[in-house]
Amino acid sequence: AAEFEARAAEVTEMPQNRSGRRFSRTVFAGADLQTLDKSGRVLVKPDLRDFADLQGATEIAVIGVYDHVELWNKATYLDDRQAGDQSYLEEDE
């Protein structure tokens, strides 16, 4: 929560022109403070499940990214990772 507050302050300090307001809406629309349930699970809001294409996914990838985790449709993640890996290989040439 403290890290989110710090990043939120950065966003709100940006110029609030049309682009800045759109960026603020994008950042804050997905924000949702959650706690673990008794079984150690986290509820993912339906709009975020839709955004991440998790609704009909048979497999979900949980990816650690420095200070947070990301939930991906596994097939989408593998495609994205392959594209990213290829991009890095091309930069090295």
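This is a short tour of a predicted model, stop by stop.

**Before you start**

Numbering runs from 1 along each chain as its sequence is written, and side-chain values use heavy atoms, with hydrogens and water left out. Because the model is predicted, local features need pLDDT of at least 70 and side-chain atom pairs count only at pLDDT 80 or more, while totals for chains, interfaces and linings use all residues.

**Stop 1: colour by confidence**

Colour the protein chain by pLDDT (the predictor's confidence in each residue, from 0 to 100). The chain's mean is 87. Of its residues, 96% reach 70 or more. Now compare elements; helices (H or I, at least four residues) and strands (E, at least two) are DSSP runs, numbered from the N terminus. Strand β1, residues 60-65, has the highest mean pLDDT, 93. Helix α4, residues 74-92, has the lowest, 82.

**Stop 2: the hairpin**

Select β1 together with strand β2, residues 68-73. The two strands pair in the antiparallel sense over six bridges. (Pairing requires at least two DSSP bridges between two strands.) Pick I63 and look across: its bridge partner in β2 is E70. Then move to the turn. Two residues lie between the strands of this hairpin. Check Y66 there, which takes a positive phi near 55 degrees.

**Stop 3: salt bridges**

Next, show the charged side chains. A salt bridge here is a side-chain nitrogen of Lys or Arg within 4 Å of a carboxyl oxygen of Asp or Glu. The count comes to three. For each partner, note its relative accessible area: buried means under 20%, exposed over 50%, partly exposed in between (1.4 Å probe, protein chains only).

- **R7 and E3.** Select helix α1, residues 2-13, where both lie. They sit four residues apart, about one turn of the helix. R7 is partly exposed at 44%, and E3 is partly exposed at 44%.
- **R41 and D37.** These side chains meet in a salt bridge at 3.0 Å, N to O. R41 is exposed at 53%. D37 is partly exposed at 33%.
- **E59 and K74.** Here the closest N and O atoms are 3.7 Å apart. E59 lies in the loop between α3 (46-51) and β1, and K74 in helix α4, so the pair ties together parts that are 15 residues apart in sequence. E59 is partly exposed at 46%, and K74 is partly exposed at 32%.
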